[in-house]
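Student: Please take a close look at one packing site in this structure. Walk me through its geometry, then its surroundings.

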Amino acid sequence: MASSSNSPCAACKFLRRKCQPECVFAPYFPPDQPQKFANVHKVFGASNVTKLLNELHPHQREDAVNSLAFEADMRLRDPVYGCVGLISVLQHQLRQLQMEISCAKSELSKYQNLGITGHGLIAAAANNYNHQQNLGINLIGGGGGVRDHHHHYHHQFFPRDQQQMIRSFDGGNNYDASLLAMNVSANLQLSQFPQPRAAAGDDRRTIDPS
Amino acid sequence: MSHSRRCAACKSLRRRCPKDCVLAPYFPPTNPQRYACVHKIFGASNITKMLEQLPVHLRAVAADCISFEASSRVEDPVYGSVRIISQLQEQITEAQTELVKTKGEIAFHNAQQQQQQQMQQLQMIHAIAQEGEDQHSWLSSSQQDPFPNVNQQLLEDYNYSNTFFGFEF
């Protein structure tokens with residue numbers, strides 16, 4: 001800990017205060033990553049982050065800080081949609097892939113129906129699997145227009161019963177997911193997203209610990 | 001009137017809600033939980049700053065997104081909405097694998113079908129060739145013995161009698 005008394009953590013440096021040995025930020029905001037704390041401070045505020053970290057077990061704090069840093073970074077890049085923009089893009093991607101899988105399986109079933117494989121059960125299994133794919137994590141809405149998509153988008157965001165959050169998210173406004181996709185920065189790197197339950201080391205844009 | 005019409009933010013902050021309150025349009029008093037989450041995670045001044053820097057026509061969407069992130073974080077203090085991103089990434093990877101596998105199976109069946117068609121064509125060609133060979137062999141054999149069933153002695157006798165008497169029958 002001798003080094004911490006010589007080099008304050010990024011948080012204490014930013015806040016221009018003495019970095020105490022028991023500083024709650026020090027393990028997660030090293031001095032060589034000043035931007036990480038600057039972003040988190042700008043979006044969430046130091047006191048809110050302190051409160052959040054104090055409510056968690058020590059072994060959870062690193063992941064929490066990294067995910068907060070990621071959210072803060074996303075929000076600064078996209079002040080309107082933040083993380084939600086990326087979620088929308090990924091949902092769209094997943095939906096496209098599921099459609100492609102559905103088309104491919106339907107094409108495959110033609111061969112099976114012709115008896116080339118000779119296994120009718122495979123066709124049934126494929127159709128069943130295809131149906132299950134669409135249920136998935138319930139994050140993907142159905143088709144239809146924007147309004148319909150809006151409805152499904154909100155209800156599908158929460159796999160658990162979180163109707164109150166859905167209503168609050170809606171806020172009575174027309175939420176257009178297509179606008180989300182348009183507003184996301186083109187420089188986003190999908191590989192850098194933090195992975196839950198993994199130890200996170202460096203972050204900046206590489207919150208992904210793997 | 002301003003007391004009863006205070007937005008959820010001003011109510012929570014126990015202050016008067018001015019007519020030009022930045023937060024009032026997006027945090028109605030009918031939904032106190034929405035503001036409570038946002039206040040806990042981001043804080044009143046941060047929210048106000050974030051919304052103020054945006055054009056008015058984008059503030060509603062921004063407030064919705066901020067509310068969503070805040071409520072996700074309240075529900076999951078470690079990962080918040082980042083968990084959804086992770087799960088989506090995972091699902092995308094699985095879907096990509098599934099798609100590649102299915103396309104591979106289609107390609108396999110296509111190749112099998114083509115092979116079967118080629119084999120059928122070869123069989124047809126072979127059948128035609130065989131038929132042709134059979135006809136050829138029939139013709140060849142008929143030239144060597146035009147009357148395979150006729151008694152050869154009788155033929156010889158006929159030819160002798162024709163040539164000995166010098167005239168033809």
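Tutor: Axes here are lines fitted to C-alpha atoms, for helices over the stretch in contact, and angles run from 0 to 180 degrees between N-to-C directions. Helices (H or I, at least four residues) and strands (E, at least two) are DSSP runs, numbered from the N terminus. The model is predicted: local features need pLDDT of at least 70, side-chain atom pairs count only at pLDDT 80 or more, and totals for chains, interfaces and linings use all residues. Residues are numbered from 1 along each chain as its sequence is written, chains are lettered from A and ligands numbered from 1 in the order in which they are written, and side-chain values use heavy atoms, without hydrogens or water.

Now the site, in chain B. Helix α2(B) spans residues 32-41, and its axis comes within 8 Å of the axis of α4(B), crossing at roughly 75°.

Which residues of the two helices meet? From α2(B) come R34(B), C37(B), V38(B), K40(B) and I41(B). From α4(B) come A63(B), D64(B), I66(B), S67(B), A70(B), S71(B), R73(B) and V74(B). Contact means heavy atoms within 4.5 Å.

Take α4(B) by itself. This helix covers residues 56-75, 20 residues in all.

The loop between α1 (8-13) and α2 of chain B holds R14(B). R14(B) is not a glycine, but its phi is positive, about 55°. Most residues other than glycine have a negative phi. R14(B) is exposed, at 74% relative accessibility.

C10(B) has a relative accessible area of 0%, so this cysteine is buried. Its closest cysteine sulfur is in C7(B), 3.6 Å away, too far for a bond. A disulfide is a pair of cysteine sulfur atoms within 2.5 Å. The whole structure has zero disulfides over all chains.

Helix α3(A), residues 34-43, and helix α5(A), residues 58-77, pack at about 75°, with axes 8 Å apart. That makes α3(A) roughly perpendicular to α5(A). Contacts from α3(A) are K36(A), N39(A), V40(A), K42(A) and V43(A). Their partners in α5(A) include V65(A), L68(A), A72(A) and R75(A).

R16(A) sits in the loop between α2 (10-15) and α3 of chain A. Its phi is near 55°, positive in a residue other than glycine. At a relative accessible area of 78%, R16(A) is exposed. C9(A) is buried, at 3% relative accessibility. Its sulfur is 3.6 Å from the closest cysteine sulfur, in C12(A), too far for a bond.

Chain A overall has 10 helices and zero strands. Of its 210 residues, 46% count as buried. Among its contacts with a separation of 6 or more, 54% join residues 24 or more positions apart.

Definitions and conventions
Buried means under 20% relative accessible area, exposed over 50%, partly exposed in between (1.4 Å probe, protein chains only). The expected span of a helix is 1.5 Å times one less than its number of residues. Angles under 35 degrees count as roughly parallel, over 145 as roughly antiparallel, 65 to 115 as roughly perpendicular and the rest as oblique.
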